[in-house]
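Have the structure open while you read.

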Amino acid sequence: MQEPTFLILTALAARPQHGYGIMCDAEQISDGRVRLRAGTLYAALDRLQADGLVDADREEVVDGRLRRYYRLTDDGAAALATEVERLRRRAEAAAARLGPARLRGAQATVPAV
Amino acid sequence: MTALEDRYRRWLRWYPAEHRRAHEEEMLGVLLAAAGPDQTRPAVRDVLDLARGGLGIRIRRAPGALARGGWRDATALLGVIAPLLLLAGTARYAAQAILSLPDATFAATHGSSWWIMYYSAPSHLAWGIAAVVALCGAPRATAAAVLAALVLSVAVLAANDDYAGAAAAAPLLLGLITAGALLAGPGAARGREVLGRPRLIGIVVLLAVAVFFETAMVREALGITWGAGLAGLAGAALVATAWLARGAAGRRALVALAVPLLPIMTVPYYPGYVEDPLARCLITMVAVPAVTGLVSLAALAALELLVIRPVTARRRRPAG
């Protein structure tokens, strides 16, 4: 799963969100490292909708502008869960090979979330 | 509407119309929300991202859009015209072979081999059969006949080390177009319907005229010079092109036909200066059709975007 896809599905996992909401949330989830731009976001949403992982939820007009909310479908939740499990196994394998001492060393250099 | 919004809207033209209808306002909202307070021009990175996203969506949706657009009818037309052209090629060979029979008989009685004089007869016959099967409108049988003719042609060309310029590649490409059009398109019956009986008869007559002028021995027998023959051929091609170019489906079919036919007209030489037979084969069979194919595709894209779409859009939207 590509990173934008993972971030979008994660952003929608708790509740439906509109485009700008997904954008801000993705930035927050990635610790400010990934800023999805509109082109990338809507290309991914188009693909995810076609694959049935994401669906349009509702629309509202705020300050004269249309906002469309997107939600995670059951298939989308299953795809995200599979990816989470895959990443967890990888992270565990990496942590086990590094050993507790070297893992603590890395944690000290990375700022806390 | 602010200047920034107007500019973003212009960049959103990268997206297919269908996507714009559903998402343009929403995307504008996102772009404006993400823009800085004093920003009046789109950021370069945003523009590049929009272009990439729009092109990505266009490419992903292209197969469906092609199936819905005039391509269905263009494929139907190709399913009729490509086999007619193949048949014309076989007819030309047959005419030449029959007319040269007295000379060949004389040569054969003096030690020449029939096989050497008529070595490409089997492949021409195979293409003729494939064309007739296609004109009967049987897609799978056509695909099988095209495959057989393809194998036979390549074997004959390789066995005789004969790469007679772009003309050698033309039947192969026309055969592939025929099989592809019949397998993927709505079929030969729809092709005849789109073409209409008068144009169908007209094209058959023009092909007969072209075969007539293209056959060297006929020209010699009638005292027609090579130049006059070429003019007759070009005239027939022009009239057929003008007929087909009257409809959007016909224009698209013409561009597809340019892939096998353009090399014959633009690369009439045989790459004899290349010594390696394999390289010679690759030049005629792969490189030349690939280059003309790309040129034709570029022409097709330009035709689609600059002529067909705007014209159809104008017709759909009444003036005023």
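Two strands count as paired if DSSP finds at least two bridges between them. Helices (H or I, at least four residues) and strands (E, at least two) are DSSP runs, numbered from the N terminus. Keep in mind that this is a predicted model: local features need pLDDT of at least 70, side-chain atom pairs count only at pLDDT 80 or more, and totals for chains, interfaces and linings use all residues. Residues are numbered from 1 along each chain as its sequence is written, while chains are lettered from A and ligands numbered from 1 in the order in which they are written.

Chain A has 4 helices and 3 strands, laid out along the sequence as α-β-α-α-β-β-α. Its 3 strands make an open, antiparallel sheet in the order β1-β3-β2. β1 and β2 of chain A each have a single partner strand, so one side of each is left without a neighbour in the sheet.

| Strand of chain A | Residues |
|---|---|
| β1 | 17–18 |
| β2 | 54–62 |
| β3 | 65–72 |

How many bridges join β1(A) to β3 of chain A? There are 2, and the two strands run antiparallel. On β3(A), A:Y69 is the bridge partner of A:H18.

Of the 113 residues in chain A, 31% are buried (20 or more other C-beta atoms within 10 Å of the residue's own, with C-beta atoms placed from the backbone).

Now the interface: 20 residues of chain B are in contact with 15 residues of chain A (C-beta atoms, placed from the backbone, within 7 Å). On the chain B side, α2 (17–34) and α3 (44–68) are the elements giving two or more residues.

Conventions:
Contact = placed C-beta atoms within 7 Å. Buried ≥ 20, exposed ≤ 12 C-beta atoms within 10 Å, placed from the backbone.
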